[in-house]
Structures are given as structure tokens and as C-alpha cells.
Amino acid sequence: MQGSREQLPSVAGSSYPYALAGLGLLLLVWGSYWGLALAPREQYMGDVQRIMYMHVPTAWCAMLAPTFGFICAVLSLKSSNWRWDARLAATIEVAFVLGFLTCIQGSIWAKPTWGVWWDWDPRLTTMAVLVFALAGIMALRGFVDDPVKRAVWSAVVMIVVAADVPLTYMSVKWWNSLHQMQSTPGTVSRAFYWPLRINAFGVLFVMIALISLRTRIASLRLRAELAPPPAQG
Amino acid sequence: MSALLAALRKDALLQWRTRTQLLAIFTFGASTLLLFSFAIGPNAEALRLHAAGFLWLSLLLSSTLTLAESFQSEMEDRALEGLLLLPADARVLYYAKALANWLQLMLLGIGLVPLMVVLYDAFTPRLPELLAVIALGTAGLSAPGTLYSAMTSQARAKQTLLPLLLFPLIVPVLLAAVKASSLLILGDPMGQLWSWAQLLLAFDLLHWSLCGLLFGRAVED
């Protein structure tokens, strides 16, 4: 066995995740109010387009989270440090939720604009495939009792899945395409810019807070699993 | 190299000794081919249109059985631990197992082609190309499948876990292999076959190298 598995993850309970979550929620309320009430109506899609202020930030973070998960997986394999395993466990779950939300919001937006709930577009399909892959890793973690094996295997699968994402995207892109160009602050008009930005930071802060809190739970669970059994007698 | 040959010989021998199992898996694949046609109905034109998709779905479903079995014998009497004690790289064990699985899946695929031709009226004169697509596609199933099987065969609920992990991963293989086979059966006026073959090749190269690298960590810890 490489590296040190002796060091238990620390579970220092600082309150910064709660502060960050609060700040993120405040930003979300502010940005959503701006986007829903103050920003002008979009010329072609009308009010339906206002879902963009939630959908696009969620989609950004749904791509950011698995990228961080990949980094956690590489560092977990390299360092054999429990801290990275706890972070990986947390990130996989948060990434799953964000990806799932992105698919749902996308469907809600697609029905009035494209006329269908689902479309076999590369970004949509890749996100759905990623959500299923993350669910697979969560199941793997659930079905392996040995903490060391669980850490190594989930990191291995996370790396393979991350390497597969570009290929999935390319294959579906060749197969079928309809999705509009990605929206970035550069491609949207000034009037749409600020609510989008504010909500992006809102989702980002909530995501970081959730990952931190879930990491703490994973660390506590690992400590309990790895602790020596109480002495007999 | 000699270590790889010895390991490959062991795995090939293991599969030869349990060849009734290959026959059973082939029967499973053949029966799924028969069942898929019931989903469409006795419409010869529609069946021919979807023949390539059915062939690859059948191969994919059968592959989970083949792959899950491949590490079963290594778990008995902790044979895998014995193998890892040998003075050979763990990667050698992986590549031997993956090659043996690839061989078995290719045989399965080649065996299913005549059935597809008969049941779906999906003949193609470009048989060598179809065999090449089957070789590339099954290589893509075997590389990650062997790695995942090594892990899931030691976990609980292994029958569920392997397809759960494998299916989302091999979406590019399925897409590219179905498209390429379909072009061979239905005609390829735009000459797109090569780009799909390239995609399969890219997937194979990526996963045969990456999974080989990761296998050591997956079984040694």
C-alpha cells in the first residue's frame, strides 16, 4: 500500500460553510429577483427565457463540480490521504444533484422553445450520461464496505469517467445537434449580464458550502469506520 | 512480454475449459436478438433499419455476462492474491485478461452476425469492414469492462454494479459502432464510415492505456 492511510481526516467544525451558504442564497434571491422582475423581456422567447438566470449558472457549476471531483480523485490516489476521499465523496453527490437539476431545468426550458421535453443534443445527452455515471459511482461507494477499497475504486472510476466525457460529447455531437450556442456573459446583452453573474456566484457559493458540509459528514463517517474497536472487558 | 504471453495463455485456457459458458452466453445473445424483433413487429423494412442497433445492444447485454464471469474464477480460493504475488506487473494480468475478454466478445459478435442477417434481412457485402467494426467495438467494451469487473467481482451486488458502471461509460462505443455497422448494412453514400471508426479507435486507445495504468491501484490496495 502506497502513501499513508494512518492519518485520519480532521473534522474541525468551522462555521464558514454556513456563512457561505447564506451569502450564496442571498445572491440567488437578489439575482433571481433582478432576472425575473427587473431585466427586460427577451425578444423571441418572451418570459420563458428568464429560466436562463437559473439554468446557465447551474449548468456551469454542474461542469465545475465533476472537474473538481476528478482533481480529488487524482489527489486521493496519489496521496492516499483520507481528506481527498472525503472531498471526492462529497463532490460526487453535489455534482449528481447539480447535473440532475440542469437536466430538469433544461427540459422545462426546452418544452416551450423547442416543443419537446428532451432532445438528443450533445450537451444535454452528455450531461445525462454524466449523471448516470455519477450515480454508478455513488452505488459503488454504497456497495463496498472496506474503506480503503472504496476510496481507491471510486477514485479510479471517477478518473475513467472524467476522461470519457469529451469523447461522449464528441460522439453525440456527430450523431445529432440542435442546442443553441452556450450563453456566456460575453454573448448576452448588458441587460441580461448582471442577474446572470450574480446567480452564477450564488450557485457557486452554495455548491462550495454544500461540498464542505458533506465533506465534514464523510470525514466523521470515516473516523467512525477507521477507529479501533473499543477494548473488551 | 513472456509474462504477458503466459498470463494470456492461462486466461485463454480458462475460457476454453469453460466453453459451455460461452455457448450459454451466445444463446442468451441470440435470444435477445429474437426478442428485439418483437418490439418492432413483423415489419421487414423497419427491422432492417434497426438491425445494427439490435446487434450491438445484444452484444452489450451479453458482454456484461462475459465480463462479470471473467474475474469470478480469480476470486475463488483468493486466486487473484496469488497472481499478484507473482514477479510480474499487475498490468500484465490486466492486459492478458482484457485480451482474452476481447477475443471472447469478438467471437460472440461474429457468431451473432449470421443471425442478424437471417432474422433482420440485414446482409452486407462489406463483411471484412463489419468484422473490423466488431473488433474495434468489442475492444472498447473489453478495456473498461475488465477493469470494472475486477472491482465489482469483489463487491456486494456485483450483478447490478457492473452494468451500472459500464453502460454510461460506453455510450461513445455504442453510438459509433451502431452508426458504423448501420452504414455498412444500409449503404454509406457520404463516406462517413471512417470518421466513426476513428472515434472507436480513439476510445480504444484512451481506455486500453488508462485502464491498464489504473488496474494496478485497483487490485493492489
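Author: B:Ala157 lies in the loop between α7 and α8 of chain B, where helices (H or I, at least four residues) and strands (E, at least two) are DSSP runs, numbered from the N terminus. The model is a predicted one, in which local features need pLDDT of at least 70 and side-chain atom pairs count only at pLDDT 80 or more, while totals for chains, interfaces and linings use all residues. Residues are numbered from 1 along each chain as its sequence is written, and chains are lettered from A and ligands numbered from 1 in the order in which they are written.

Although B:Ala157 is not a glycine, its phi is positive, at about 55°. With 14 other C-beta atoms within 10 Å, B:Ala157 is partly exposed; a residue is buried if 20 or more other C-beta atoms, placed from the backbone, lie within 10 Å of its own, exposed if 12 or fewer, and partly exposed in between.

As for the helices, α7 (127-152) and α8 (158-169) of chain B are among the elements that give two or more residues to the side of chain B that touches chain A, together with α9 (171-186) and α10 (193-220). The most comes from α10(B), with 9 residues. On that side there are 21 nonpolar residues, no polar ones and 4 charged, counting Ala, Val, Leu, Ile, Met, Phe, Trp, Tyr, Cys and Pro as nonpolar, Asp, Glu, Lys and Arg as charged, and the others, Gly among them, as polar.
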